[in-house]
Amino acid sequence: MATLGPTVPAGTADSPPSFPMRRSGCPFNPPPEYETLRSTEPVSRAMLRDGSTVWLVSRYADVQAALTDPRISSDSTIPGIPLAGGTGVDPQGRRSSFVRMDPPEHDVYRKLLVPDFTMRKIRTLRPRIQRTVDDALDVMRDSGQPADLVKLVALRVPSVLTCELLGVPESEHHFFQTRANVLLERSVPMNELRTAVMEMRTHMLALLDEKRRNPGDDILTKLAHAPAELELADSELAGAAQSVLNASHESTASMIALGTLVLLEHPGALAELKADPALWPKAVEELLRYLSVGDLVLPRIAKEDVEIAGQRIAAGEGLYLLAASANHDKDFFEDPDTFDIHRSTRGHMAYGYGIHQCIGQNMANAELEIVFETLFRRFPDLRCTVPLDELSYKHESAFFGVHELPVTW
Ligand code: HEM
């Protein structure tokens, strides 16, 4: 299997190892240090780039328990919460997303939005998802070879579909897609990031007004008509819509691109899936577990002193709950570093766990099933033109991924 370069130096008692750690062996498996942490120090100190320290929780049982412990908070306004992927607070000091709120505030948004993401609701969207995937693959087919699957398919499909779910008119999809892409670029200067966020916010506010005048069957209309007793300001409603857009974009795009690579690297499994497409839902769950792209998406802070696996965490100390490590814990999944489309993936934590568990998981599963089934049916000879270890990976993004995926067919 290809390697991706040197690992982060191991820490010492005086200087803990740096976090985020890198996927230095196989790009599909979590950083190799996680295995050592699970067996030697399941709750351990690590140092962030800014010199602050956090606790890493690496075993399945401990991650799961911490995700349901009300003393462990997601509130991004509490000083000390480790947000490697950004501040989680907008320029006015408000939380930028309900994913970074605790109950009871968080419950309000969750209750409002859950009905738009039920299995039943998403089932009705499948023909629309299929058309979006077909359109993206038509563009890829016509673009000449090699084509970048990340740009033409992986980023495009989730952003078009989430814009539709929200009720963003088609003429404005491009506006939101370009701004959402800016947010994914770590090299973009802070002022450009702020501009992109504020432009999205201004546009969302205008769309809320528009939905009050011309309601549709979409999430923005629902937010625009939120019951007055909830006392949500327009900026908060626009923030909720933006959260859905941002949360769906990079996560699903990373899964589409890396999932394609995993399937290309496992021709036996791919042949089985082509012969029996009913296996795709199971294979998608295994891709989610195996790849666990959301290494950095579970930052938390202790609101009170807590003990995890015998280690005391003081109130005010930050934690990362390593879902990728939990999903590769031998005590929960047999032979976890092997990709096996027939295994039981029950209990995987790629979508988190507890009150913040991904609201869009039914949507994401449907997108992934349809993308992979259609891609490999329409392009049976699909190949990546660059060896695995020469691709450029997104090691420090909230969602691990690949910058470009050049393919021919
Ligand atoms: C394969 C793709 C996806 C992955 C791996 C993923 C992963 C996650 C994870 C791990 C969380 C929990 C974060 C936490 O506990 O702090 C989360 C929350 C969330 N996700 Fe996803 N997600 C994906 C796709 C989507 C999609 C398609 C949407 C919407 C269309 C979405 C919307 C959200 C929202 C709004 C939250 C916050 C939920 C809350 O705080 O109650 N996600 N996601």
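Helix α10 contributes the largest share of the shell around the ligand, six residues. The model is a predicted one, in which local features require pLDDT of at least 70 and side-chain atom pairs pLDDT 80 or more, whereas totals for chains, interfaces and linings use all residues. Residues are numbered from 1 along each chain as its sequence is written, and side-chain values use heavy atoms, with hydrogens and water left out.

The ligand is surrounded by 26 residues, the closest being His106, Arg110, Arg300, His356 and Cys358 (a heavy atom within 4 Å). By class, 16 of the shell residues are nonpolar, seven polar and three charged; Ala, Val, Leu, Ile, Met, Phe, Trp, Tyr, Cys and Pro count as nonpolar, Asp, Glu, Lys and Arg as charged, and the others, including Gly, as polar. At least two shell residues come from each of α3 (105-113) and α10 (234-265), helices being DSSP runs (H or I) of at least four residues, numbered from the N terminus.

For His356, a polar side-chain atom is placed 2.6 Å from a ligand oxygen. The iron atom has a single protein donor, Cys358 (SG), at 2.3 Å (donors are N, O and S atoms within 2.8 Å of the metal, or 3.2 Å for Na, K and Ca). Cys358 belongs to the loop between α13 (323-326) and α14 (361-378).

The axes of α10 and α11 (residues 267-275) come within 5 Å and cross at roughly 100 degrees. The two helices, α10 and α11, are therefore roughly perpendicular (65 to 115 degrees).

Conventions:
Polar contact = N/O pair within 3.5 Å; in protein donor to acceptor, adjacent residues only side chain to side chain. Axes fitted to C-alpha atoms, helices over the stretch in contact; angles between N-to-C directions. Parallel < 35°, antiparallel > 145°, perpendicular 65-115°, else oblique.
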